[in-house]
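Hi there,

Here is the structure we talked about, for you to open on your side. My notes on what turned up follow below it.

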Amino acid sequence: MNDHPAVEQRLGLVRWLTGHRHGIEGYLYICHRISGIVLLLFLSLHVLVTSSRLFGEETWQTLMSLTHSPALKFLEYLVFVAFAFHATNGVRLILIELGFAVGKAEHPVYPYRGSLHKQRPLMIVLMVVAAVLIVLGGFDALRLGR
Amino acid sequence: MPRTNEIIFSIRRLYPAVDAVPHTQRFPVELHPGMTVLEGLLQIRESQDASLAWRFSCRMGVCGSCAMIVNGHPRLACNTQIQDVSREEVRLAPLANYPVIKDLVANLDTLFEQHAALAPYIARSDSAELIAPGGEFRQTPAQLTRFLQFSGCIKCGACMAACPTVASDTRFFGPMPLTAAHRYNADNRDDGFATRKRHMRQRHAAEHCHYAGECSRVCPKGVDPARALQLLRRELLLDWLGLRRRQALAMVQPASDDQPPSQRRVQTPPPFTVQR
Amino acid sequence: MHCGWAGNVTDNKIKYWALNVFCALVLAVLLGAHMGLMHLPGLLGQINPAWKDPLAWAHVSERGRSAAITGGYVLLLGLALFHGLYGVHTMFTEFFSGERAARRIAAGCWIAGIALFVIGAFSSVIFHISVPRT
């Protein structure tokens, strides 16, 4: 170690949100984490709410009537949005993390085109799928829902 | 407003022995076509402030000393032309995620400790071959391609400053050391996977890469650490499942038989080899 | 070999990661179907009228009578909790990387996971047993 005092400058949580500029995969990384947290919080609530069916039809109907308010409908839609994104981006991440979507090592020839370029078509296709699901969910909630 | 052939260098300055917090100092720099950020820094040191500290050595993107944050991106100062960055202001800061020693000099001790911990060299189990080589190791072009890309790393630390996991996880090995580990794992002359995997498969290693891709985006040498980490993780998974196939070891090619033994190139160790 | 800062080198965390990826794969299918049925009732109701109102008590109790669906719910809950808490555990161990913090984070995740699993699985199984079969 050097003898001088050194000043720590680890970016921490700031790096998630600001820090240096991200590429699109960097933003997807942030969104994946945020949507994951949203889904886990919803899951906890969901487990508690659906357990109420043990107490019979009346309790169930009372709880379900609460979810018909526009604010809760909207929150429910946000959960669906988080799920649609998390699932489609998750499929991309599974393929990447298992080493399928990143391609094999190649000779680095300038301008460098590495694994980020290799996985980008997959990313675009899956994000289009996510967008379609999100639009369908919105259409369903607005037009066809009760 | 700077003159037309002038650009402002805003440099984050800090001398921890004196300052408690960093401050930004602005320097006007006379601009020439094709001028690099490193040349701008040299101009400042020669004509304005000799106390400005940063690392550099080769000036041509080979040594990896001059990595710093240039307008928000980790880049090599010698490899970055000012015109490609901005027409008005170049903002410089030391590599993020590492302590600052002075001005633009970050303390990369942990980076090199992590690198060393992963045994970044060809480890072989046949020590007799190392002491008395019987010939040269032959590799096919395909075997070479498996690791050549990852061997281009110059250890500049740009990937470590860009990585969002390194930003928060103080124990994370990070893209550079893990890429170096994969470079040797993928080399068929190497026998060191079992030694390295003790570190590679623990919590703050391969498991904490989530493919934000920032390392590969900023790598000045096209090494693609993000790819290396995914391939490394697959190797670790296959190893855990007992499915990892050991590569065919590089053939030791003895000198041809039609040469008399006295002329065989590999018979005697080279003069710089330590004799035991 | 230097390993003072590198944590416990005998750990094999890759197996947890592999389990997490496996959970994610199964969830993509099972949870995909669940979310589709629950959140796209208007669209799916055009295909099968029985899917039009999945939250009506009649449909809830009909699903509760099925042992397969009840088992599916328990499986889905277990996988989702493991996957979700593994993700949260990863995020927390990135921010608090000491060994003591790691033990506390792991304990917190296990407690939350087991509590939610017990509540969810218990209510599903009891509902399956007690729902009137008419």
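Four cavities of 30 Å³ or more turn up in the structure. The search runs on a 1 Å grid over the protein atoms alone: a cavity is a set of points where a 1.4 Å probe fits but cannot get out, a pocket is an open set with protein on both sides within 12 Å along at least five of seven lines, and lining residues have an atom within 4 Å of a point. Grid points are joined across faces, edges and corners, and a volume is the space filled by probe spheres set on the points.

Please keep in mind that this is a predicted model, where local features need pLDDT of at least 70 and side-chain atom pairs count only at pLDDT 80 or more, while totals for chains, interfaces and linings use all residues. Residues are numbered from 1 along each chain as its sequence is written, chains are lettered from A and ligands numbered from 1 in the order in which they are written, and side-chain values use heavy atoms, with hydrogens and water left out.

The largest cavity has a volume of about 130 Å³. It is lined by 16 residues, and Cys163(B), Pro164(B), Cys209(B), Ala212(B) and Cys215(B) are the closest to its centre. Helices H7 (164–168), H10 and H11 (225–240) of chain B each give at least two residues to this lining; helices (H or I, at least four residues) and strands (E, at least two) are DSSP runs, numbered from the N terminus. By class, the lining has 11 nonpolar, four polar and one charged residue. Here Ala, Val, Leu, Ile, Met, Phe, Trp, Tyr, Cys and Pro count as nonpolar, Asp, Glu, Lys and Arg as charged, and the others, Gly among them, as polar.

The second largest cavity comes to about 100 Å³. Its lining also has 16 residues, with Cys153(B), Cys156(B), Cys159(B), Cys219(B) and Pro220(B) closest to the centre. H8(B) gives the most to this lining, three residues.

Next, a pocket. The second largest pocket holds about 820 Å³ of space. Of its 38 lining residues, Tyr112(A), Arg217(B), Val218(B), Cys219(B) and Pro220(B) lie nearest the centre. That lining divides into 13 nonpolar, 15 polar and 10 charged residues.

Now for the interface of chain A and chain C. Chain A puts 34 residues into the contact and chain C 38, with contact meaning heavy atoms within 4.5 Å. About 3,200 Å² is buried between the two chains, and carbon and sulfur atoms give 75% of it; buried area is the accessible area (1.4 Å probe) that two parts lose on being put together, summed over both. On the chain A side, Arg53(A), Leu54(A) and Phe83(A) lose the most area to chain C, together 20% of what that side buries.

One salt bridge crosses this interface, where a salt bridge is a side-chain nitrogen of Lys or Arg within 4 Å of a carboxyl oxygen of Asp or Glu. The partners are Arg33(A) and Glu94(C), at 3.1 Å from N to O.

Over all chains, the whole structure has 16 salt bridges. In one of them, Arg120(A) pairs with Glu25(A), with the closest N and O atoms 3.0 Å apart. Arg120(A) sits in helix H5 of chain A and Glu25(A) in helix H2 of chain A, so this pair ties together parts that are 95 residues apart in sequence.

Best wishes
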